[in-house]
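This report describes the fold of one protein chain.

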Amino acid sequence: MNGLTSKQLIGFSIFLLAIFVGVPMAISATGRWDFYFTLTSVALLAIASAGVWLTFYIGRINIGQGAFALIGAYVSAILVAKAGISFWISLPVAGIFAALVSVLIGLPILRLRGVYFAMITLVLTQVVTLTALALPITNGAKGITSIPLPGGISLFGLQILPPFDSMADTKLAFYILACILMVLTYLALWRLVHSRLGHICRSMQQNEELASSIGINIAYIRIIIFAISSFFGGIGGALFGSISQSVYPSSFQVQDSVNFMLNCFLGGLGYVFGPMLGTLTLYFGWDLLFTLGKYQLLVYSVLLILVIRFLPNGLLSLRLGNIGKGGGK
Amino acid sequence: MSALLQVRGVTKKFGGLTAVNDVSFDVAENEILSVIGPNGAGKSTLFKLISSFLRTTSGEVLFQGKRISDLKPHVVARRGVVRTFQETTIFKSMTVRESVIVAQHLRAKASLAGYFLGTATARADIEAFGRYADELLEFMGLDGIANELASNLPQGHLRALGIAIGLATDPKVLLLDEPFAGMNPEETMRTVNLVRSVRDARGVTILLVEHDMPAVMNISDRIVVLNFGEKIAEGTPSEIQNNEKVIEAYLGSADDEVGI
């Protein structure tokens, strides 16, 4: 149940090789340096989408991840730009802060199910945007700009990582950082889903009453899962702020929250690695359709509807071997 | 014999409707007690009140002398009072074995983080869950279909699975919700024997809500009869069979017949 099969290990190694060696080589060969920014965005959006996927796993449709990404982005930006704290400390703090906020929000709203929960989460992004506009610490509509790049890390006087601004290629550094975090996120997600907590989540997704009758504290598990989900959102957001060196109230909008959800649908709710593929496809799909001009949105929407109609279990149900098969059986 | 479960003046009102009115009775340890009554008598409501799936309006339920009414269902389960559901309430996309494994939540020694990290306690738990699941499935006669999806099971097996899920929590009292509903006499007999063996072999006290009269008369040590939310009789099956109030509740009084 917990061990990886050799086939999965090979797939995972190929994946690691591709993102850490293959992509940088391909980019330097073709000279398309702009792809670093695109792929970095995909990686950090995939981190936030992983959180949304997890709330799906307890049977809740979460269209509010943008709220927690925005919270994470602001917490990190304020800590780094205003308080002068290292980015590396601000990153986990941003995640934990987003998780704490989600506990407060989750306590009343996680009792709701189905479309009612979805509707409440839909307004969360707007609430956080408006809060950011109103609060003095977030600088209102001007946002927080010129956020310093991440500094170096030294342990016992030994420099492990040089400051990002001293590096020749900041884009590559951010790309590697985002990919490492993404891989860690999905490994944690994989492990969680295949541990007992995942089994409990599945029982709640299928029948909450029955789950509580066998002694599972469903309210507690829901909060834990929502907090972990929002932690991922906060981390993704903080990373975004650091890469773009700025955060505005509009950095994450309702549309982004919807996209996080779509990433999960598109990749497949039954597969841990679904949201990662979904994010990549959605992000590039949108860009590729750019040439269609004013028909971009139309074609894009029709394609999405077709995918959801004919591949209700997501793109991964087309199955490239067994790689990435996550939840379920 | 001291009472394991005590129902004390339990009342439930929904707005102006009194679904259960001042019902009291005791369940002794190792007893099989049935609550029966015509449709709408308040059986299901009483069942939910005892398992804390509903809050009481007044009165209380005591288990081993301690109040268990108005707690959260999972807390009541932790104390040892566990309910089953009718057969549509299952973990649809889990196999029989997986359902019984997840239901052993209360037997877990490791923390959730422990399972995530794969500590020694957690690994020992996982092994114990598997072993106990196999034992339970064999006991319930489900070992042949351990790896079937729950949603593919026929009705009789679903009932057994529901009871197996309940048993996996190591309950002291198992509350069964209409365990014989919709069964033919042969299936009913098999389930009656199964429920009896749960009591005899595992020492689980059983309280069931049912309206299949022959089965109830066969299986119960004692019976409580409800009508319009009130307890109208309590006693052994033979006492209940000869109780005029009960006969009246089920068949209607002579006056009613004239009225029709």
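## The antiparallel sheet

Leu62(B) stands opposite Arg67(B) in E5(B). Strand E4 of chain B (residues 58-63) is joined to E5(B) by two bridges, and the two run antiparallel. Two strands are said to pair if DSSP finds at least two bridges between them.

These strands belong to an open sheet of four, ordered E2-E1-E4-E5 in chain B, with antiparallel pairing. Strands E2 (17-28) and E5 (66-67) of chain B lie at the edges with a single partner strand each, so one side of each has no neighbour in the sheet. Strands of a sheet pair through backbone hydrogen bonds, either parallel or antiparallel.

## Basis of the model

The model is predicted: local features need pLDDT of at least 70 and side-chain atom pairs count only at pLDDT 80 or more, while totals for chains, interfaces and linings use all residues. Residues are numbered from 1 along each chain as its sequence is written, chains are lettered from A and ligands numbered from 1 in the order in which they are written, and side-chain values use heavy atoms, with hydrogens and water left out.

Strand E8 of chain B (residues 205-209) is mostly covered, with five of its five residues buried. Buried means under 20% relative accessible area, exposed over 50%, and partly exposed in between (1.4 Å probe, protein chains only). On one side of E8(B) the buried residues are Thr205(B), Leu207(B) and Val209(B); on the other they are Ile206(B) and Leu208(B).

E8(B) has parallel pairings with E3 and E7 of chain B. Strand E3 (residues 32-36) is joined to E8(B) by four bridges, and Leu33(B) stands opposite Leu207(B). Strand E7 (residues 173-177) pairs with E8(B) over five bridges, and Val173(B) stands opposite Thr205(B).

## The chain as a whole

Chain B contains eleven helices and ten strands. Its radius of gyration is 19 Å, close to the 18 Å that the globule rule gives for 260 residues, so chain B is as compact as a globular protein of that length. The radius is taken over C-alpha atoms, and the rule is 2.2 Å times the number of residues to the power 0.38.

Of the 260 residues of chain B, 53% are buried. Among contacts (heavy atoms within 4.5 Å) between residues of chain B at least 6 apart in sequence, 65% join residues at least 24 apart.
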